[in-house]
Amino acid sequence: MSIRKVSTAGPVKAVTKRKAKRPLAVVASLICLVGIVMCFTPGWVMGVVLVVAGLAMDSVRRYVCGACGNRIEKTSVMCPVCQTRLGK
Ligand SMILES: [Zn+2]
């Protein structure tokens, strides 16, 4: 990965991307699937609940530093471990 540095005053740290991970993606899709199937059964109310729960779980995002893999917040602008600036 090549990043062209823009020269500014002072030492410029490398810029890396935040990596978004979906730790619950597999579980969430399974719950969604079960929910969809249940929508066609007398227990469809529970099915709808499962689908909504599955979608909510799927939207869980975890962010890590693209340089060192340290877990960071979505709003972090710099990795606290390797001091790398975090771009978009
Ligand atoms: Zn880092």
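This note goes through the predicted model above point by point.

1. Overall make-up. The protein contains 2 helices and 4 strands. Their order along the sequence is β-α-α-β-β-β. The protein has 88 residues, and 12% of them count as buried. Taking contacts between residues at least 6 apart in sequence, 45% join residues at least 24 apart.

2. The helix pair. Two packed helices are described by the angle between their axes and the distance between the axes. Here helix H1, residues 25–38, packs with H2 at an angle of about 160°, and the axes are 7 Å apart. Angles over 145 degrees count as roughly antiparallel, and H1 and H2 are therefore roughly antiparallel to each other. Their crossing is left-handed.

3. What lies between the helices. On the H1 side, the residues that meet H2 include Ala 25, Ile 31, Val 34 and Met 38. On the H2 side, the residues that meet H1 include Trp 44, Leu 50, Ala 53 and Asp 58. By type, the residues of this contact divide into 16 nonpolar, 4 polar and 1 charged.

4. Ala 53. This residue belongs to helix H2, which covers residues 44–58. Is Ala 53 buried, exposed or partly exposed? Ala 53 counts as partly exposed because it has 14 C-beta neighbours inside 10 Å; the buried class needs 20 or more, and the exposed class 12 or fewer. Ala 53 and Ile 31 are separated by 22 residues in sequence, and their C-alpha atoms are 7.7 Å apart.

5. The nonpolar core. In soluble globular proteins, nonpolar side chains tend to be buried together. Which residues make up the largest nonpolar core in this model? The core has 5 residues in all: Cys 65, Ala 67, Ile 72, Cys 79 and Leu 86. Leaving aside residues up to four places away in sequence, Cys 65 touches Ile 72, Cys 79 and Leu 86, among others. Its other contacts include Thr 16, Asn 70 and Val 81.

6. Gln 83. Most residues other than glycine have a negative phi. Gln 83 has a positive phi, near 65°, and is not a glycine. Where does Gln 83 lie? Gln 83 is in the loop between strand E3, residues 71–72, and strand E4, residues 85–87. Gln 83 counts as exposed because 11 other C-beta atoms lie within 10 Å, and the exposed class takes in residues with 12 or fewer.

Note on methods: Residues are numbered from 1 along each chain as its sequence is written. This is a predicted model: local features need pLDDT of at least 70, side-chain atom pairs count only at pLDDT 80 or more; totals for chains, interfaces and linings use all residues. Two residues are in contact if their C-beta atoms, placed from the backbone, lie within 7 Å. Axes are lines fitted to C-alpha atoms, for helices over the stretch in contact, and angles run from 0 to 180 degrees between N-to-C directions. Angles under 35 degrees count as roughly parallel, over 145 as roughly antiparallel, 65 to 115 as roughly perpendicular and the rest as oblique. A crossing is left-handed if the near helix is turned anticlockwise from the far one by less than a right angle, and right-handed if clockwise. Ala, Val, Leu, Ile, Met, Phe, Trp, Tyr, Cys and Pro count as nonpolar, Asp, Glu, Lys and Arg as charged, and the others, Gly among them, as polar. A nonpolar core is a set of buried Ala, Val, Leu, Ile, Met, Phe, Trp, Tyr and Cys residues joined through C-beta atoms within 7 Å.
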